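Please keep the sequence and the structure in view while reading.

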Amino acid sequence: MGTKVYYSPTLEIAGAALFGALSIVVSFSAAFIPRLPWGIALFDPISIVWMVCFLIFGIRSGIICSVAGTMGLMFFDPFAPIGPFMKLAATLPMMIIPYLALRITKKNESCSGSDFASTKLWFGSGIIATLVRIAIMLPLVVAVVGLLFGTPLMEIVVYVLILNTVQSAWDIIVPWIIVYPTKIYEKYCIW
């Protein structure tokens, strides 16, 4: 897939910082997105930025970007610190599961982000990541929202299932479209 940029920890950290800052800028648009009474946005574009960082710069950069973005959101999110930490908890499986799938399927070969250009690997691991995300978020949201807001259990379960499934679809589809068909990966990748 084109010429690959050599690995550099400096580029990895710079990419994480750039995309982490970009996610904070994008968070201002999230203020206009409708939310449930207990704070969860019906759509959140921040994780799309984090996922693009992961696809271009790799797993370490994606995680650093997500953590930096989470810390930055603490100053702007109306539901901080709970909202940003929930966003981080929901997004990390979307990076970690595809990365693990890549390492398992390519264990005897060199792994790189170019392998995610394969829709089978990316979308297949994305479905598994979505299931893991829901398994993590369901008890977290039930505990926090049930405790703080007294929201009925079935209402929480329904919203968590629907919103996390939809957000996962955005987190899988949009970053892939941004990075691979546009050839951004070929120009800027480091892994």
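## Helix α6

Helix α6 covers residues 153-179, 27 residues in total, and its first and last C-alpha atoms lie 38 Å apart, close to the 39 Å expected at 1.5 Å a residue. Helices here are DSSP runs of H or I with at least four residues, numbered from the N terminus, and the expected span is 1.5 Å times one less than the number of residues.

The model is predicted: local features need pLDDT of at least 70 and side-chain atom pairs pLDDT 80 or more, while totals for chains, interfaces and linings use all residues. Residues are numbered from 1 along each chain as its sequence is written, and side-chain values use heavy atoms, without hydrogens and water.

## Helix α1

The 22 residues of helix α1 (residues 9-30) should span 32 Å at 1.5 Å a residue, and the 31 Å between its end C-alpha atoms agrees with this. Among its buried residues are E12, G15, A16, F19 and G20. The buried residues of α1 pack against α2 (46-57) and α3 (59-73).

An α-helix has 3.6 residues a turn, so residues three or four places apart point the same way.

## Cysteines

A search of the whole structure finds 0 disulfides, a disulfide being a pair of cysteine sulfur atoms within 2.5 Å. For C53, the nearest cysteine sulfur is that of C65, 4.1 Å away. C53 counts as buried because its relative accessibility is 0%; C65 is likewise buried, with a relative accessible area of 0%.

Terms used:
Helices (H or I, at least four residues) and strands (E, at least two) are DSSP runs, numbered from the N terminus. Buried means under 20% relative accessible area, exposed over 50%, partly exposed in between (1.4 Å probe, protein chains only). Contact means heavy atoms within 4.5 Å.
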